[in-house]
Structure formats: structure tokens, C-alpha cells
Amino acid sequence: MKARAAAADGAVDVAAAGYAAVLAAAPGDEVVAIRAYRNALAAGDIALARRAAAVLVRSGVAPADTAILEFADAVRARDRARADDALGKIGAGPLDFLAPVLRAWLAFDRGADPFPLLDSAGESGLGRRYIAEHRALLLIASKRLDEGVAALQAAVGADPGSVDLRWNAATLLTGTGQRRIARDVLSGDDPVMTALRDGLRKGRPGAAFGTSRLLTRLAADLSGQETQALSILLTRSALMLDPGDDRAKLLLAAALAGERAFDRAIMVLDTIKAASPFYSAALAERVGMLREQGAPERALALAQGLATRRDADVRDLQRYADGLSDLGRDGDAAKVYQQVVDRVGDAATWIHHLQLGGSLERSGEWQAALPHLRKAVELAPEQPVALNYLGYAQVERGENLAEAVALLERASRLRPDDPAITDSLGWGYYRSGDVAKALPLLERAAQGQPSSATINEHLGDAYWKAGRRFEARYAWRAAALYAEGEQKGRLTTKLADGLVQRTAAN
């Protein structure tokens, strides 16, 4: 029970130690073994993971990914028989699309021709891209440079946003003495590419390299898909084969954070040193973790350091502005969001303009905010968030009410079940004098989001205007439960005196 509680709290080291003790006392318990296996991988206790996986294999209930761990272990130990056995299990399971590439790298290590194995592989949608990428890497490893570079260009063309493939190819080229070509593969003025060029290291051609990079590539593809347990297994296995792969460490840390194992994730990030091309990304990952842990001030301090560096890029500025906005420092946030908009120029999206306009509006600079809010709607006329923000901001100020209500009606049609947008439209009708039309919308909004102080206050105001005084005070009391600051004082006055006159904020 202690181990389960520790795992639920993200304390994977404590959980792994607890499950190790239980597994020693109950070595055939499959439930204990699977929990020990997962927490051992998260904690980096590979010996425990192996022991727990063996229990699961003997019982015939091992998850498919145990074969990946076994394969990586065998490749690291250069155990040909065990590698072939593990590869057979991979080929018979749901991760079978990895098998052709892994088989080809084993053939390369053994002096055989790897390419017929790739040629004979089925053209499944999952495996096609990995086969194309590793064909290029195997050609480079085989010193067939012209063919390798051509295959690389074709693979990059099919996935131009992939940094991983270019990095893997450049690392392999450097390892085969082709540093100039490696730098060409990482050409570009983007700060990420500059850092990668400066941080090039040698990759040793072979099954260990190919396996580690394939597993890391799959982990990258799984990012953000709620597959943390598999991503942890993939990156841990990759790091068994290449302990210095900072890209794998970065992905591992992100997966651990997704499991709320923040302490272990930060320990992984700490191993990425300042000279690494992935150091800035590691710092950025740490900012996100601090925010998730409820330490926004610490996150902001780190984000500020990244944003004020000489080589800071747009993402650094964006992250810093977001942190300022989260802490309610809208005036400061607006200045940084302006830098973002200036930096991206004509490529600024509706989100850029909405963030800048929203920060300006909340900091009291309405006239400066309005052009950006209008630009956001112009760029994204079907985005409910942009329509709602501009419409509601004008309703609150009693400006352009007909136009504002039209914007809110459009937002409501696009997202009819959103309580915030429903409230905005109801409030727009109320401010336009149509209380009868406003009330059912405000009631529906309050049902959808009963803990919203703003929605309940709006509903109370509408009830009061409709002569339903008892219901008005009931709604205001509900609002007062969640209100803070100026709003709480305003509600206290309304509860005592009713809606005597409209206040400046309402």
C-alpha cells in the first residue's frame, strides 16, 4: 500500500523500492510484478525492471514492450541469440512495425546486407516512414554517401519538420568522418539548428546506434498522446544503448513529468549539461514542470532568464509572456507579447494578436488592445475564442453593442455548449436591454459552470431586472462563494441594497 501511494504521488523511486521488497516476498505475483516493472523503468532501476519482466514472461502475461527492453539489453551485451529471440517477440506483437528496421541493423552488425530486409518488409502505414529514414541512415553507415544523402533528402522532404532525422544523420556522418556534410544536413539560421551544429558528436554505426535512434524517434512521435509508460520504456531502452543521448533524456523527462514523477524528471534534466545542444530545451522543460508543480514564481524566474539571453528566440519570449500572464502581470506580459509579434512580423497568427490584445485590455489599455483583438478576428473569423473575447470586451464597455452581440452570436453558433460563451451572449443581450432573451442563456451558463462567480453575478443582475428579487440574491450569494477582491465587495453591496445602479465594473 505504501508503494501504491508513493506511485500515485509520483514518488517512483520510493514506489520501485517498495515493489522490489514485495516482489522478493512474493516472486510469482503478477500484479506486483507489473507494478514493479513500470515503476522500476520510471525510477531507472533496470535490474528490477528485468527481474519483474521475467516474472511476467514466465506467467505469459508480459506486455509487448518487455521485448523491447530485452532486445536493447541483448544488443548492449552483444548476445546474438537473445537479440534474435527478442526480435521474434517484437515481430509477433503490436510493435511489429519496428522489426524490419531492427532486423536490418542486426544484419549490418553481422556483416550481412541489410537492404533486402528493408526491401522485403511490408509497406504498412506505421512502418513506411521508419524504413525510409533508416534506409538513409544505413546507407550512410555503409559509406554509400551519395545514395545516403539522396535518401535522406527524400525522407526529410516527406517530413520537413523533423529535427530528429537530420540530427541522427548528422551524428552518424560525423562518426564516419563526414563532418562537413553533417553540418550541411543541419543548415539553417534557426537557433535550434545552430545549437545542433555546434553540439555535433560522433555516432558509431551499428545496431546499438540504430536501435537507440529508432526507439527515441518513436518516443518523439508519441509525445502528447498519453502514452507515458511506453515512452518511458522506449527512452530508457535507448539510453541503455547510448547513455549520452540528450534527446532521449529530454523525451524521458517529459514522459516522467506526464506521470507526475517530477523529482525523477528533474534528475534526468540535470544530466543535460550546458554544452549540450539540448540544454535550452531542457531548461524550457523545467519551466513547464515548475508551473505544473504549482511554483509559478520559480517558473517565471527561469523563463525570464531564457527570454533575456542574447540568443533568445520567439519560443523563449512566448514562454516568458505566458508566465507573466498567468501571474496576472498583464502590463508586463503585453510588452513581451509585443516583442513576439514584432519578431514574427507578417507571420503573426490570430493567437499572437489575441494574446497581445488580451493583455493590453486586462492592463487597462483598451484603445491599444482593440486593433489587435480585431486583427485576431480578421485572421480567424471562425474561432469562437477570438469572437468571444472581442465581443465580450465591447459589451463590458457598452461599446458597439450591435456589433459585439453579432460576434457573440457567431461564437455561440460555433460552440453552443460552452458556458463562458453562452454567458457572454446572455450578458450582451442584457446590456442591450433584452432581459427576456438574456435570462435563459444566463441560466444555462450557470448550470454548465455553477462555480463561476462572474456567471452567477450576471444571472443575479438579470433576475433583479426581471423583478425576481429572491432568485437574484440567491445567484449573488452563489457568486459570493467564489468571488475575490473588488467583485466580492460589489456583491456584498448588491446583497444588501439590490441593484441600485450599475457599477463601473459591472
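Modeller: A pocket is an open set of grid points with protein on both sides within 12 Å along at least five of seven lines. A volume is the space filled by probe spheres set on the points. Keep in mind that this is a predicted model. The second largest pocket holds about 500 Å³ of space.

Biologist: What makes a residue part of the lining of that second largest pocket, and how many residues line it?

Modeller: A lining residue has an atom within 4 Å of a point. By that test 24 residues line the second largest pocket. Val75, Arg78, Asp109, Ala207 and Ala208 lie nearest its centre.

Biologist: Which helices supply at least two residues each to that lining?

Modeller: Helix 5 (66-77), helix 6 (80-91), helix 7 (99-109) and helix 14 do. Helix 14 gives the most to the lining of the second largest pocket, with five residues. By class, that lining has nine nonpolar, four polar and 11 charged residues.

Biologist: How much space lies in the largest pocket?

Modeller: About 920 Å³. Its lining has 37 residues, and the closest to the centre are Val192, Pro277, Ser280, Ala281 and Arg315. Several helices give two or more residues to this lining, among them helix 11 (163-175), helix 14 (207-221) and helix 20 (314-326). Helix 13 gives the most, with six residues. The classes here are 17 nonpolar, seven polar and 13 charged.

Biologist: Now the rings. Why is the pair of tryptophan 105 and phenylalanine 108 called edge-to-face?

Modeller: Two cut-offs decide. Centres must lie within 6.5 Å, and planes over 60 degrees apart count as edge-to-face. Tryptophan 105 and phenylalanine 108 stand 5.7 Å centre to centre, with 75° between the planes. Both tests are passed, so the pair is edge-to-face. These two residues are three apart in helix 7, which means about one helical turn separates them.

Biologist: What about tryptophan 105 and phenylalanine 209?

Modeller: That pair is edge-to-face too, at 6.4 Å centre to centre and 65° between the planes. Tryptophan 105 lies in helix 7 and phenylalanine 209 in helix 14, so the pair ties together parts 104 residues apart in sequence. Ring pairs link Trp105, Phe108 and Phe209 into a cluster. The count of aromatic pairs is six.

Biologist: How do you know whether tryptophan 105 and phenylalanine 209 are buried or exposed?

Modeller: Buried means under 20% relative accessible area. Tryptophan 105 is at 0%, so it counts as buried. Phenylalanine 209 is at 6%, so it is buried as well.

Biologist: What puts arginine 144 over the face of phenylalanine 115?

Modeller: CZ of Arg must be within 6 Å of the ring centre and within 35 degrees of the ring normal. Arginine 144 lies over the face of phenylalanine 115, at 4.8 Å from the ring centre. Arginine 469 lies over the face of tryptophan 464, at 4.0 Å.

Biologist: Last one. What makes helix 15 mostly covered?

Modeller: Of its 14 residues, 12 are buried. They include Ile232, Leu233, Leu234 and Arg236. Helix 15 (residues 228-241) reaches 20 Å from its first C-alpha to its last, close to the 20 Å expected at 1.5 Å a residue.

Conventions: Residues are numbered from 1 along each chain as its sequence is written. This is a predicted model: local features need pLDDT of at least 70, side-chain atom pairs count only at pLDDT 80 or more; totals for chains, interfaces and linings use all residues. Side-chain values use heavy atoms; hydrogens and water are left out. On a 1 Å grid over the protein atoms alone, a cavity is a set of points where a 1.4 Å probe fits but cannot get out, and a pocket is an open set with protein on both sides within 12 Å along at least five of seven lines; lining residues have an atom within 4 Å of a point. Helices (H or I, at least four residues) and strands (E, at least two) are DSSP runs, numbered from the N terminus. Ala, Val, Leu, Ile, Met, Phe, Trp, Tyr, Cys and Pro count as nonpolar, Asp, Glu, Lys and Arg as charged, and the others, Gly among them, as polar. Rings of Phe, Tyr and Trp (its six-membered ring) pair if their centres lie within 6.5 Å; planes under 30 degrees apart count as stacked, over 60 as edge-to-face and the rest as tilted. Buried means under 20% relative accessible area, exposed over 50%, partly exposed in between (1.4 Å probe, protein chains only). The expected span of a helix is 1.5 Å times one less than its number of residues.
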